[in-house]
Amino acid sequence: MLQAVAVEWFKLRRLRLFRASVLLGIALSLFWLAFALWMAQRGAPAVREQFVERLTFPGAYEQAFSLAASFGETFLAIVAATFVANEYSWGTWRLILPTGLPRWQALGAKLLALLAGTVVFVLATAFVPLSAAPLLAALWLDRPALVAPDMEEWLVAVLLLPVRTVGSLVAPVVLALALTVWTRSQSVAVGITIGLVLTEGVLAALLQGLGGWWAKIPRFFYLWNAEAIARTPAFGGAVPPGMPPLGQAVLVVLCWTLVLATLTVWWFEHRDIEVRSSS
Amino acid sequence: MRVTSVHARQAPISAASPPVLEVRSLTKRYSRRVVLRDLSFTLEPGQVLGLLGPNGAGKTTAICALLGLVRPDAGQVLILGIDARRAPQAALRHVGALVESPTFYPYLSGWENLAILARLRRVPERQIATSLDRVGLTQAAQQRVGTYSLGMRQRLAIAAAILHEPALLILDEPTNGLDPQGIVEVRELVRSLAAGGQTILLCSHVLAEVQQTCSHVLILARGETVATGALADLLTSNRTFRLRTPDRERLRAVLQQLSWVQVLEENDELVRLRIPPDRQEAFSRLLVEHAIPVLELCREETTLEQFFLAMTEADASASGEPTRRRSIWSRLRG
C-alpha cells in the first residue's frame, strides 16, 4: 500500500493541473492581500478597521486559512476529479491494475495522495498572506504585526486551524473522487461538486428560513457541514448565524466520508475496466 | 531495436509443476449477451499460444478477464496454480501484459512510467534500463510519453510487459501501429523471447506472424472456441489432396467403399480429397491395387489464414452441422 501511495503522490505532484492549482491559490492569496491593503488605507473607517484586523494577528492567521479553504473547495475538486478521470480517459487503469494491486488499494492510494496534495495546497496558499500580511501591516499601516499576543490561549487554535482547514477540504475531494468513479466523467464530477459547493449554503439558509423540520435538513448536508468546520472562528467570537456547531459538523462530514468512500470502493471493486477495442 | 537472446526468468519447473496458465470454463456476459462462453485452455511452460478470432470474438475480453480487469461471471484462472481472482497480487506478479493499444501517463517520461510499474512490482530500477535497451528506447527514455510516436509507445508497452521478467507474457496486437521495420523487430523480439523459453499468449490479426511464432493456437468466434490445439496438428489434420485421373468412374467406385475419405470437390478430371494422416499411405496403395491411372496427386498445404477463415466464417454462417462442414471445406479450397 505504501508503494501505491508513493506512486500516486509522484503522479499527482507531477500533474500540471495540481501545480497550476497551487500557484493559482498563491496568486489569488496575493491578490487578496493587495486588495486588503488597499482597502485598509482607503476604505471607510469601519471597513478600514475590518481589513486592518485581517492583516494583523490573529486575524491574519484565520484569514489565510479561510482563503485556502475557499479556493481549495473548487480547485481541489477539479484536481481530484481530473486525477481519477485521467485513469479512465488515458486507459491507465490497465497499466496499474494488472500489476496485481488490489483495487481498494489503488483507490485508497489515490485518496491518500489527494489528501497529501490538500495539505500542500492549504499550506502553500496560507503561507503567503500569513508571512506577508504582518510585514505589510507594519510597513504600510504603521501597526504592530502582532496585536496583544496571548500564545497560551492561541496555541490550540493555531495548531487546530490548519487541521480544520484540511479536514473541511476532505469533503469536496472525496465527493469529486466518488462521482468520478461512479460516472467515469470528469466534467460530471466537477460540475456536481462545484454545484453543491455553491448551492448547499443557499439551500441551507432557505430551509432554515422555512423553520420547523425543514430547518433540520441542512444538518445532514455534506459540504455545508464541511464549510462549517473551516468557518467556525478559531480565536473566539460568535459562530456565524445558521452554521452548525463544530462537533456536529465534524461528525456529519466523517459519516458522509466513510459512507462515500465505502460505496466508491465497493463500486470500483465490482465494475469492469473498459478497454476500447481497436480490433 | 536491439534483439538479443532473451532467457526469461521462469518459475522453477518440476515434474509436478502446474501449468503457467490454466483457464477453466471462463464465461462473461454483458447483460444477456454472452461475449465469452466456457473458455478453457492450458498453457504449459515454453508454449506460445496464438489467440485468434475475428473482431468481437471475445479475445480482448478473455485477456482482460485473465488480468482481472473484467470480472468473469463464471470460471477460474490459475496462473502457476494460483487463483488469479482470489490472490490477484500473487498470481499477476508472474504476468506481463500489453492489452490493446499502449496506455501510459503522457505527462511523464518513458523512464518515469516504467519506474511507476517497477515500484508497484517491487522490481529494482536497473531493470528499467535493461527493458528500455531491449526495445531500443534508451535514447528516448527521458522524453515525455506524450511526444512519443505510436510505434515508440508500443515498444514502451513491450518494455513494461517484460520489465519484471514474467513467467507469462500476454501480448495483444504487439505490432499494432508499427512501421514495417518495427514489425520485423518486434516479431524478432517475440521470437527470441519464445526461443528463450518464455511462455507467451499472443493475440494478433497478422496470421502469418502467428504461424511463424506460435506453437499452439486457439480460435475464438462469437465468444466460443472453434478450434484449439498444436498448430502443426491442426494444419496437418486438415490437409487436402488434389487427384487428377482420366478414369473418374473407377475412382468413384473405389471411393464409395472408403468411408474415411471425404470428397470435397469433383470436376472433370480433378478430385479434391481429404484423407486422414494415418490413412494416406493406404490410400495410395489402393490406387495402385485398383490400377487407377494418376496424372497428378499432390498434397495441398493449408495456411493458418485459410484454416482461420474456414473456422470463423463457417461459424458465422453455420445453421447446421452439414452446412458448416461444406462451408469449412469450401473455404479450405481457396
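**Confidence, fold and nonpolar cores of the predicted model**

Within chain B of this predicted model, the lowest confidence falls in helix H12 (residues 321-333), with a mean of 43, and the highest in helix H3 (residues 110-120), at 92; these values are pLDDT, the predictor's confidence in each residue, on a scale from 0 to 100. Two residues are taken to be in contact if their C-beta atoms, placed from the backbone, lie within 7 Å. Where pLDDT is low, the predicted coordinates should not be read in detail. For chain B the mean pLDDT is 79, with 88% of residues reaching 70 or more, and the model scores ipTM 0.78 and pTM 0.78.

Residues are numbered from 1 along each chain as its sequence is written, while chains are lettered from A and ligands numbered from 1 in the order in which they are written. Because the model is predicted, local features need pLDDT of at least 70 and side-chain atom pairs count only at pLDDT 80 or more, whereas totals for chains, interfaces and linings use all residues.

Chain B comprises 12 helices and 14 strands, assigned as DSSP runs numbered from the N terminus (helices, H or I, at least four residues; strands, E, at least two). Of its 334 residues, 40% count as buried, that is, with 20 or more other C-beta atoms within 10 Å of their own, against 12 or fewer for exposed residues and values in between for partly exposed ones, with C-beta atoms placed from the backbone. Among contacts in chain B with a separation of 6 or more, 69% join residues 24 or more positions apart. B:Glu224, which lies in strand S10 (residues 224-230) of chain B, is partly exposed because 16 other C-beta atoms lie within 10 Å.

The largest nonpolar core has 161 residues, and those with the most contacts inside it include A:Ala80, A:Ala176 and B:Leu202; such a core is a set of buried Ala, Val, Leu, Ile, Met, Phe, Trp, Tyr and Cys residues joined through C-beta atoms within 7 Å. Helix H4 (residues 59-89) of chain A supplies the largest share of this core, 17 residues. A second, separate core of five residues includes B:Leu243, B:Leu251, B:Val271 and B:Leu273.
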